[in-house]
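Let's walk through this one together, starting with the whole chain and then zooming in on a few pieces. Have your viewer ready.

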Amino acid sequence: MAEPITMQKLTDASIDADTLGEFTNEDKTVVSRNGREYPSAPMASRLLVENGLLGATPFSTHVAMTASALADGDYAIVTNDDDIAKNGFYQKNGDYWEYLKYQNAPRALSSLQLLKKRLSNPLRSVQIRLIGDSITWGVGSSGTSSDDDRAHSLDDPRNNLDNDSWANLLRRWIGGLYFDQSALIKEPRPDGRSSGSGYYEKTFLVDPADADSGIDFYDRTNGRKINKSNVVVIKRSSPILDHHVDIANKTSASFNNNAYVEFDLVGDNFTVIYAGQPDGTSRVVDVYDNDVKIGEFDYSSPVSWSLTKSFDLDFGRHRISLRNRSTDGGIFRLEAIQVTQKMRMINDGISGTWTYEWLPSQNGLFNAISESDEFVFVMLGTNDRSQNIKPLTAQKTKNNLRIIANTLISTGKQVVLMSANAASATDEAKNRKYSQGDVSRVTQELAAELGVDFINNYAATVQAKIDGVAYTDDGLHPNDLGHKMIFENICNAVITA
């Protein structure tokens with residue numbers, strides 16, 4: 001028969017839970033219930049870096065490490081690569097960097113940090129989806145579309161992309177910050193109604209010789225990446241970037257012998273910029289996407305510069321490989337990769353909905369999430385307060401948000417949880433089972449438990465409520481001022497991440 005749970009055991013369990021929280025989250029020496037001292041996980045991780053491999057040279061990215069001039073046998077550590085699997089300790093072995101068994105656990109970027117990193121990389125187009133209710137839709141701001149004919153379904157009308165809702169302001173801000181305020185390209189539904197989706201785009205030239213370009217060179221004989229410092233770059237005025245990289249089956253210091261080119265692309269397009277060459281035979285480059293051939297181009301011609309071959313793809317993740325077919329001296333002269341980067345934001349705020357309707361098990365609203373969505377901002381819970389389904393507490397909202405967030409995370413999405421603005425005392429006095437503050441509190445708790453970003457729009461507006469500032473006209477939905485306050489709070493969270 002199991003022993004009864006005593007008050008002492010409950011007290012001990014509570015202390016152990018606090019100790020576990022300190023061990024997991026804080027850089028400190030943890031004192032256990034029985035008085036023993038242990039370094040916490042963050043502290044042990046830090047000490048490992050500081051003392052475990054003295055002399056390891058730190059690099060932010062794997063590319064920077066491989067391009068360095070460190071000598072054979074030297075140690076290095078990669079600390080902040082976009083591909084977190086590349087973070088860790090290495091030792092140089094000839095031209096090859098060996099990933100060591102002795103490792104510190106890699107630290108992933110937060111979703112907001114990763115968003116900024118993606119937006120700064122021309123090879124990584126970004127798709128952001130906003131899921132929420134009427135506050136995300138844009139109710140309360142001036143110049144909105146009609147939100148009549150609502151059925152809490154994906155066919156519900158979406159707001160236009162022109163008014164000053166926080167979502168539209170956020171889309172424009174990212175467009176101005178990263179895409180030089182280019183024109184917004186709207187994507188209406190076939191019937192002409194707004195889909196809530198629009199994107200900005202900008203065309204970039206990516207330099208294959210740049211150590212941080214994301215364009216890599218590999219040796220076809222062994223499949224190993226070639227150190228960028230060993231890639232032969234020819235300088236002259238004719239190419240579009242004043243230099244080029246020659247790939248040919250020629251054992252010579254003037255060529256990158258028997259190499260091929262690869263790069264990761266998130267998007268739907270790229271263009272190879274190259275020079276025509278008359279040398280050798282079979283002067284063709286085969287183009288592969290995830291090891292499946294998708295095309296080719298012939299570079300045989302009298303010497304000519306800045307020829308182009310463009311490829312259109314389905315939007316998504318691609319591993320592109322360019323392989324020179326010639327084996328007798330045909331020179332694939334690569335000048336640059338041109339790509340049009342896009343930032344698409346889709347507002348799927350659906351008025352009146354609550355967390356239960358967004359659960360994956362309901363086979364409805366959650367279907368809005370697409371494979372191409374990399375970042376999902378979630379602001380739900382306002383309408384949960386009026387639901388009579390037990391529990392009649394904010395725990396209900398937290399339980400549902402946990403299912404939604406965990407499902408998104410399990411499918412590789414970057415999740416940002418947000419709380420909505422503070423509601424007026426009059427609104428809170430309606431038939432609400434709990435308050436906007438309660439929704440904000442449990443959403444923040446869940447974000448901390450899951451280790452995802454949280455943006456507290458309740459905290460950003462509650463002082464305005466206290467001061468009597470008119471940031472909402474009906475007591476709940478933010479007006480133009482309220483939407484701007486939410487937008488500015490989200491911007492600040494992105495900037496400071």
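Of the contacts (heavy atoms within 4.5 Å) between residues at least 6 apart in sequence, 67% join residues at least 24 apart. Keep in mind that this is a predicted model, where local features need pLDDT of at least 70, side-chain atom pairs count only at pLDDT 80 or more, and totals for chains, interfaces and linings use all residues. Residues are numbered from 1 along each chain as its sequence is written, and side-chain values use heavy atoms, with hydrogens and water left out.

The chain has eleven helices and 21 strands; these are DSSP runs numbered from the N terminus, with helices being H or I of at least four residues and strands E of at least two. Of its 497 residues, 48% are buried, meaning under 20% relative accessible area with a 1.4 Å probe, counting protein chains only. The chain exposes about 22,800 Å², and carbon and sulfur atoms supply 50% of that. That area comes from the Shrake-Rupley method with a 1.4 Å probe.

Now for some strands. β4 (residues 75-78) pairs with β5 (residues 88-93) in the antiparallel sense over four bridges; pairing takes at least two DSSP bridges. Here Tyr75 sits opposite Gln91 of β5. β5 also pairs with β6 (residues 96-99), again antiparallel and over four bridges, and Lys92 has Trp97 in β6 as its bridge partner. Two residues separate β5 and β6 in a hairpin, and Gly94 in the turn has a positive phi of about 70°.

Next, helix α4 (residues 111-119): seven of its nine residues are buried, among them Leu112, Leu115, Lys116 and Arg118.

Definitions and conventions
Buried < 20%, exposed > 50% of the residue type's maximum accessible area, 1.4 Å probe, protein only.
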